[in-house]
Amino acid sequence: HQDPRIRARIHEFMSGLFLDIMQENLVPKIDKTAFTDQELEAFYQAHKENYRIEPLYTVDMIKTAEKSSADQALLQIRTGLSDFRTAAKTYSIDAASKNKGGSIGTRALSKFAKDWQPVISGLETEKLSGPHQIKGHFYLFELKKKTKAVQYSFEEKKPYVRNDLLYVKYKQAWEETYSRLREKYDVAVNEDNLSGFIRKRT
């Protein structure tokens, strides 16, 4: 018991055992088949973005420290003296992408660097764009491909909506239960000690 790691495992086991035995007494079982279509559709409308596939952008990039280098790369590509792939290897200072011909992959707009997002969102397919000055560097971008967004309808995602609503209702019920128990038994959480404990475990 002197070793905090052992105490943590004992407490973890006890809390799991407590929940296994007491769960239905603390939070009664929620029957997801009892959710009405109106409840489900209201949840879907409130969380519509969760049932949508965002457009995916496939982008190539050249990053330079000086505008003159970006201008030179741009001129080489536009006059046909070099293609984007070769220019990226010659001019780009981005180690991760230059040896891939400037490719920075395919992803949703929100997964690109925040400072790049306004530029990338306005790119046209197969059209070179730039130089764009972003945080002291200069960029050329080329959008190779962009997929269309897909918004799934309520009917298409109804089983998933039902499960998501069930999860939210259980989460709310447990939060209310823990709040009631903390108040009833005058339990206070020392946030500093808790944060320190979590840091040690991770």
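Author: Happy to; we'll go through the sheet, the helices over it, some backbone details and a surface patch. Keep in mind that this is a predicted model.

Reader: Great. How many strands form the sheet, and in what order?

Author: There are four, arranged 3-2-5-4 in an open sheet with antiparallel pairing. Strand 3 (103–108) and strand 4 (128–134) are the edge strands; each has a single partner strand, so one side of each has no neighbour in the sheet. From one strand to the next, the twist averages 35°.

Reader: And what holds strands together in general?

Author: Strands of a sheet pair through backbone hydrogen bonds, in parallel or antiparallel fashion.

Reader: How many bridges join strand 2 to strand 5?

Author: Eight bridges link strand 2 (residues 56–64) with strand 5 (residues 137–146), and the two run antiparallel.

Reader: Nice, found it. Which strands does helix 3 lie across?

Author: Helix 3 (residues 67–78) lies across strand 2, strand 4 and strand 5, and it runs at about 175° to strand 4. Helix 4 (residues 84–91) also lies across strand 2, strand 4 and strand 5, running at about 40° to strand 2.

Reader: Switching to the backbone: which peptide bond is cis, with omega near 0°?

Author: That would be the bond from Gly-130 to Pro-131. Pro-131 is located in strand 4.

Reader: What about phi of Glu-126?

Author: Glu-126 has phi near 60°, which is positive although the residue is not glycine. You'll find Glu-126 in the loop between helix 6 (117–121) and strand 4. Its relative accessibility is 47%, so Glu-126 counts as partly exposed.

Reader: And Lys-135, is that one buried or exposed?

Author: Exposed: Lys-135 has a relative accessible area of 70%, and the cut-off for exposed is over 50%. Lys-135 sits in the loop between strand 4 and strand 5, and its phi is positive too, near 50°.

Reader: Last topic, the surface. Which residues make the nonpolar patch?

Author: The patch is made by Ile-6, Ile-10, Phe-13, Met-14, Leu-17, Phe-18, Ile-21 and Met-22, and covers about 760 Å².

Reader: Where does Ile-6 lie?

Author: Ile-6 is in helix 1 (residues 4–26). With 42% relative accessibility, Ile-6 counts as partly exposed.

How values were computed
Residues numbered from 1 in each chain as written. Predicted model: local features only at pLDDT ≥ 70, side-chain atom pairs only at ≥ 80, totals over all residues. Heavy atoms only, no water. Patch = residues over 30% accessible without salt bridge, like charges linked within 9 Å, V, L, I, M, F, W, Y side chains within 5 Å. Areas by Shrake-Rupley, 256 points an atom, 1.4 Å probe, with all protein chains shown as cover. Salt bridge = Lys/Arg side-chain N within 4 Å of Asp/Glu carboxyl O. Buried < 20%, exposed > 50% of the residue type's maximum accessible area, 1.4 Å probe, protein only. Pairing = 2+ DSSP bridges. Axes fitted to C-alpha atoms, helices over the stretch in contact; angles between N-to-C directions. Contact = heavy atoms within 4.5 Å.
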